[in-house]
Amino acid sequence: MNAALLPATLDTIATLIERGDFTGAERRAQAALQTLPPHAEIWRLLGIAQIRSGRIDAAARSLQQAHRLDPNSVEVLCNLAAVEIQHGDTGSATRLLERALRLAPNHVGALNNLGRLRHQVGDYPGAAQCFERSLREEPHRAETWFDLANASASLHDFSAAESHLRQGLALAPRSADGWYVLGYIYERQGRLDDALQPYRNSMELSPRPHTAHNLALVEDQLGDWQAAARTMEHALQLAPNLFEALSQLVYIKRRLCEWRGLPELAARLVAGVDAQRPGILPFSLLVEETTPAQQLGCARTFARQFAGPTSAPDRVGGEGSPLRVGFVSSGFKEHATGLLVVELIERLRATGLTTVAFATTAGDGSELRHRLEHAFHEFHDVGRQAPEAIAERIRAAHIDVLIDIDGYCMNSLPRIFALRPAPIQVNWLAYPGSLGAPWYDYLIADDCVVPPSQRAHYDENIATLPRCYQPTDTTRIVREAPSREALGLPADGFVYCCFNASWKITPQSFALWVHILREVPDSVLWLLDERPGNGVIERLRDSARRAGVDPLRLIFAAKTNHADYLARYRRADLFLDTNPYNAHTTASDALYAGCPVLTRPGDTFASRVAASLNRQIGLDDMVVANDEAYAALAIELARQPTRVHALRARLGAPAARAQLFDMQAYADDFAALIERIAERARSGQPPQDISL
């Protein structure tokens, strides 16, 4: 073939690639290599065709040939970077793109690729800088405006993000990407109502699984669980192996108590965990019938997305100086977390620890938020900052021991801890399990929630308190409740209750409850109407009816203020716990208000919390070994009301209450445990299991 034919040959190969005929393009390129003199562009186009057809290793070989023939080709360097990204080698990809930009500082493709790569690895300022340089060269490129908006949002500069986004949409008003990013920016700010329409616009223009997933998350947070379930199902129809959508769908269906088809979905989810599929939310797995080993495996897989090069501060403060203990949480407001920790933080002032709060959500103006702000020695509101900026704030505060209260719960920021801003990092309280990440040194627990038989399924070193690991606020007054009739309950008969969230009510737990109701004809079951209008009441009552129980024996209480909620326990006879995810804060509340709790622990942390609370307050006899014993004891207690009265008397005895509700004793033990952890670090010893 004559070399004069080279331009036409290159055009032909490029046209085949544009048409999506990658096999034809590869065949044409291979033929040209046999007949034409060696030429870098033929090898480059061959590599592109191989990338597009998923043959990454072959593409790498072709592009290396192109690079040998033309080592200063910016396009070849960009294509090689794409191959390295496919191989997961972001470092090599970055170096290739930076070399390309040394050769051509204003190359738009290299700038955009490097910007996206920097965004991927968490270098948001560097990403924004690349996109800004690119836009100086090509200001009419809408996609780059969207990329810059995304980087600005990651830096929590939402005003700039929206401005950039609007400029992009002015150039491309029918861009599904643009509307998606606008929805994302609104979602990140908590402007959920505003996020709905942009996500819907994006779906109308181009139905994509991740857009459907995000739209469903917004619908869920706005309380429209039924719409969220349908949208999440759509996401799975578009991408059957999108496991983040599958885990959310299973969780939403549990919230809805929509159990039809749930076993099959749950089985797919657990199979995904066993296969180490990314995207599965560890928290959503805790209510599934899984082992501690499976929950740990899920947490490890989830944690990998946050891993990166980090370096922890060298050591904790010197001996004799007060330990600076940081607490990171999104729940420092009117929230279960705030309720559990507020008195503990107040009482830690008497122990010599310096307590420092990092509140990752904005204040809500509540009395509890005000009390928390005054309880800590220092209170940092970092609710509008990116994880990287928060980590820098923590480093600047010279924290010795940093405690993650959220774990993998909603609104948590695991990236903060992956950046290792403190020499000792601890998992405690909200997430009942191992976080499966090497940047956590300890998990604070007790020997009931983490028994020796399950120790192997926790990656953290276990720091064991000599009491139940869960604190609470004992300054609360449990006032007298209205009459049963005023609460919608029958004046006579036995009242079982469970004010757990609806997602904890599994078909297995509910089957036990209706069996108990059948055996105790004059009893009712008092549940929480967590989110009206989603059909939960109707589904549970229908399930009761099909099991032979009058559906009106299920009585639902609306959500109310905390004082009225606590008072309700005075009108209940027995709290029936759920499994495999127990009542946690609600169990503590019930016991605090004098209502006995019946629980059947399993092997997982989440299934053993109520047992830990019962054991601490001296109600070991309310912890049973299996479902049969659970049902039998619930029935016996209803038939022997004097036993229930005796249980209430035991809960009211000052000595028993002090075992669980002496918060100064808890604070002293907690501080001593933290001091033991720090002492090992000060003496140069690695973390290990510790107990008082």
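Leaving aside neighbours within four places in sequence, which residues is Trp428 in contact with? Some ground rules before the close-ups. This is a predicted model, where local features need pLDDT of at least 70 and side-chain atom pairs count only at pLDDT 80 or more, while totals for chains, interfaces and linings use all residues. Residues are numbered from 1 along each chain as its sequence is written, and side-chain values use heavy atoms, with hydrogens and water left out.

**View 1. Trp428 and the residues it touches.** Once neighbours within four places in sequence are set aside, Trp428 is in contact with Phe327, Val341, Leu344, Ile403, Asp404, Ile405, Ile444, Tyr469, Pro471, Tyr666 and Phe670. Contact here means heavy atoms within 4.5 Å. In the largest nonpolar core, which has 161 residues, Phe327, Trp428 and Tyr496 touch the most other members. Helix H31 (residues 663–682) gives the most to this core, with nine residues. There is also a second, separate core of 32 residues, and Leu286, Val287, Ile399 and Tyr408 are among them. A nonpolar core is a set of buried Ala, Val, Leu, Ile, Met, Phe, Trp, Tyr and Cys residues joined through side-chain atoms within 4.5 Å. Buried means under 20% relative accessible area, exposed means over 50%, and partly exposed is in between (1.4 Å probe, protein chains only).

**View 2. Asp177 holds on to Arg208.** The side chains of these two residues, Asp177 and Arg208, form a salt bridge at 2.8 Å, N to O. (A salt bridge is a side-chain nitrogen of Lys or Arg within 4 Å of a carboxyl oxygen of Asp or Glu.) Asp177 lies in helix H11 (residues 176–188) and Arg208 in the loop between helix H12 (192–205) and helix H13 (209–221), so the pair ties together parts that are 31 residues apart in sequence. Helices (H or I, at least four residues) and strands (E, at least two) are DSSP runs, numbered from the N terminus. Both partners are partly exposed: Asp177 has a relative accessible area of 37%, and Arg208 has 27%.

**View 3. Arg200 meets Glu219.** Here the salt bridge between the side chains of Arg200 and Glu219 spans 3.8 Å, N to O. Arg200 sits in helix H12 and Glu219 in helix H13, so this pair ties together parts 19 residues apart in sequence. Arg200 is partly exposed at 34% relative accessibility, whereas Glu219 is buried at 7%.

**View 4. Asp564 and Arg479 pair up.** The closest N and O atoms of this salt bridge between Asp564 and Arg479 are 2.1 Å apart. The pair links distant parts of the chain, 85 residues apart: Asp564 is in helix H25 (residues 562–568), and Arg479 is in the loop between strand S7 (461–464) and strand S8 (494–498). Asp564 is partly exposed at 30% relative accessibility, and so is Arg479 at 39%.

**View 5. A salt-bridge network.** Arg230, Glu233, Lys253, Glu258 and Arg539 are linked in a network of salt bridges. The structure as a whole holds 40 salt bridges.

**View 6. Ser284 tucked into helix H17.** Ser284 belongs to helix H17 (residues 282–285) and is buried, with a relative accessible area of 5%. Setting aside neighbours within four places in sequence, Ser284 is in contact with Ser247 and Tyr251.
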